[in-house]
Amino acid sequence: MSQSVAWLMLVIAGALDVGWAISMKYAEGYTRVGWSAVSFVLLVAFVFLLGRALKVLEVGVAYSVWTGIGAAGTFAMGVVLFGESLSAMKLAGIALVLMGIGALKLA
């Protein structure tokens, strides 16, 4: 597998991580069966893709990028879907996370 395919898998895994976190919220403590099933499927999918990407990418970089994508994406979706609070300090924090992801990709 090429580096570019591994990076693509990693980004998709990060996006699936966002979906997983949101599905957990909708599952309401895993009391809603449908959303609980969606959560499980997304979990399996992102772990599979992350594992495949780790065959090529460095574990420290890949894991950091994956968690950063998940953190930034989940934050954004929380604001959009659930009306979670947004402040200058939170935006600055997410900007730092995104800059860190960019730096790791370039490293």
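W20 touches Y30, S39, L42, L43 and F46, leaving aside residues up to four places away in sequence; a contact here means heavy atoms within 4.5 Å. The model is a predicted one, in which local features need pLDDT of at least 70 and side-chain atom pairs count only at pLDDT 80 or more, while totals for chains, interfaces and linings use all residues. Residues are numbered from 1 along each chain as its sequence is written, and side-chain values use heavy atoms, with hydrogens and water left out.

W20 lies in helix α1. Its side chain also makes a polar contact with the side chain of S39, at 3.2 Å. Such a contact is a pair of N or O atoms within 3.5 Å; within protein, one atom must be able to donate a hydrogen and the other to accept it, and residues adjacent in sequence count only if both atoms are side-chain atoms. Between W20 and L98, which sit 78 residues apart along the chain, the C-alpha separation is 20 Å.

Turning to the overall fold, the protein chain has four helices and zero strands, giving the pattern α-α-α-α along the sequence. Helices (H or I, at least four residues) and strands (E, at least two) are DSSP runs, numbered from the N terminus. The C-alpha trace spans about 40 × 35 × 15 Å along its principal axes. Of the 107 residues in the chain, 30% are buried; buried means under 20% relative accessible area, exposed over 50%, and partly exposed in between (1.4 Å probe, protein chains only). Among contacts with a separation of 6 or more, 67% come from residues 24 or more positions apart.

Helix α1 has 25 residues and reaches 35 Å from its first C-alpha to its last, close to the 36 Å expected at 1.5 Å a residue. The expected span is 1.5 Å times one less than the number of residues in the helix. W20 is one of the buried residues of α1, along with others including W7, L10, V18 and I22. The cover over these buried residues includes α2, α3 (59-82) and α4 (88-106).

After α3 comes G83, with a positive phi near 65°.

The loop between α1 (3-27) and α2 (33-53) holds E28, and Y30 lies in that loop too. Just after α1, E28 takes a positive phi of about 50°, although E28 is not a glycine. Y30, likewise not a glycine, has a positive phi near 60°. E28 counts as partly exposed because its relative accessibility is 48%, and Y30 counts as partly exposed because its value is 45%.

At the surface, F40, V41 and V44 form a nonpolar patch with about 300 Å² of accessible area together. Patches consist of residues with over 30% relative accessible area and no salt bridge, with like charges joined within 9 Å and nonpolar side chains (Val, Leu, Ile, Met, Phe, Trp, Tyr) within 5 Å; a salt bridge is a side-chain nitrogen of Lys or Arg within 4 Å of a carboxyl oxygen of Asp or Glu. F40 is found in helix α2 and is exposed, with a relative accessible area of 53%. The whole chain exposes about 6,300 Å², of which carbon and sulfur atoms supply 75%; accessible areas come from the Shrake-Rupley method with a 1.4 Å probe, and for residues only the protein chains shown count as cover.
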